[in-house]
Amino acid sequence: MTEPIIYVVSDSVGETAELVTKAAITQFEGSNAVIKRFPYVEVKENIDDVISLAKMSRSIIIYTLVKPDIRMYLQNQAEQSGIHAIDVLGPLMNIFETVFGQKPSCEPGLVRKLDADYFKRIEAIEFAVKYDDGRDPRGLLKADIVLIGVSRTSKTPLSQYLAHKRYKVANVPVVPEVDPPEELFKIDSSKCIGLKISAEKLYEIRRERLITLGLDDNAIYANIERIRREINYFEQIASKIGCHVIDVTSKAVEETANIIMNHIQNKK
């Protein structure tokens, strides 16, 4: 007996139905069923084409169609033609509609949109890690947002938070003894954000940091005059770039991130 042809029909690319089909086939040792995928089926004429092909051979139709009218049309046409047709999504969506108490959107391809969104977020997170703390100045030219500021102004937490919002963020520490990378002055100033903080607040943060690390809290890192010099140098660099500056002295990371995202959106 010849192996059946399995037509995978979908209003998107058909990956879900094909994966389910292959998972089931693997339970039948020696099966050589042929799988043919019909993606982006959204009108009844497409269904008619599949039914015509299926009638010519011993065939099965496996389908994932989210539009109720197209789904019902395929099922009716298959029944009239004596073709086995299995609805992968329909029964589950019907149960969910009852349990969730709401109608489904019936929009094809949402899974792929969610996947694309997920991978974009992962890419942004990896970007933030790679170009954290000025590790590679080349990242500044590729970034959606560039953060600059003295040490302990939450550049890294902000980079990660914004990355989860799918922004590629690079950050650069501003230190008087180190010249900023040339790339910092080549980027569009509208995507550069300066993080400003009061000297007194920064003194408290750095002092607590040293104590937590078991270090001398009188170190130059937490010296108030040193801190004022760093902030003054930061202001010079920010002015030279012409970037937007946010005072983060009394702001949470989430609050600062929202200000940054609004600024970037308004500039677009």
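Ala199, Glu200, Leu202, Tyr203 and Arg206 of helix α7 are in contact (heavy atoms within 4.5 Å) with Ile224, Ile227, Arg228, Glu230 and Ile231 of helix α8. This is a predicted model, in which local features need pLDDT of at least 70 and side-chain atom pairs count only at pLDDT 80 or more, while totals for chains, interfaces and linings use all residues. Residues are numbered from 1 along each chain as its sequence is written, and side-chain values use heavy atoms, with hydrogens and water left out.

**Helices α7 and α8**

- Helices (H or I, at least four residues) and strands (E, at least two) are DSSP runs, numbered from the N terminus.
- By class, the contact of α7 with α8 has six nonpolar, no polar and four charged residues; Ala, Val, Leu, Ile, Met, Phe, Trp, Tyr, Cys and Pro count as nonpolar, Asp, Glu, Lys and Arg as charged, and the others, Gly among them, as polar.
- The axes of the two helices, α7 and α8, come within 9 Å and cross at roughly 120°; axes are lines fitted to C-alpha atoms, for helices over the stretch in contact, and angles run from 0 to 180 degrees between N-to-C directions.
- This makes α7 oblique to α8, since angles under 35 degrees count as roughly parallel, over 145 as roughly antiparallel, 65 to 115 as roughly perpendicular and the rest as oblique.

- Glutamate 200 and arginine 228 form a salt bridge, at 3.6 Å from N to O; the term means a side-chain nitrogen of Lys or Arg within 4 Å of a carboxyl oxygen of Asp or Glu.
- The pair links distant parts of the chain, with glutamate 200 in α7 (residues 199–212) and arginine 228 in α8 (residues 224–241), 28 residues apart.
- Glutamate 200 is partly exposed at 44% relative accessibility, and arginine 228 is partly exposed at 38%; buried means under 20% relative accessible area, exposed over 50%, and partly exposed in between (1.4 Å probe, protein chains only).

**Other salt bridges**

- The count comes to 16 salt bridges.
- Lysine 67 and glutamate 42 are joined by a salt bridge of 3.3 Å, N to O.
- Lysine 67 lies in the loop between β3 (59–64) and α3 (68–80), and glutamate 42 in the loop between β2 (34–38) and α2 (44–55), 25 residues apart.
- Lysine 67 is partly exposed at 27% relative accessibility, as is glutamate 42 at 34%.
- Aspartate 136 pairs with arginine 138 in a salt bridge, with the closest N and O atoms 2.8 Å apart.
- Aspartate 136 is buried at 16% relative accessible area, whereas arginine 138 is exposed at 56%.
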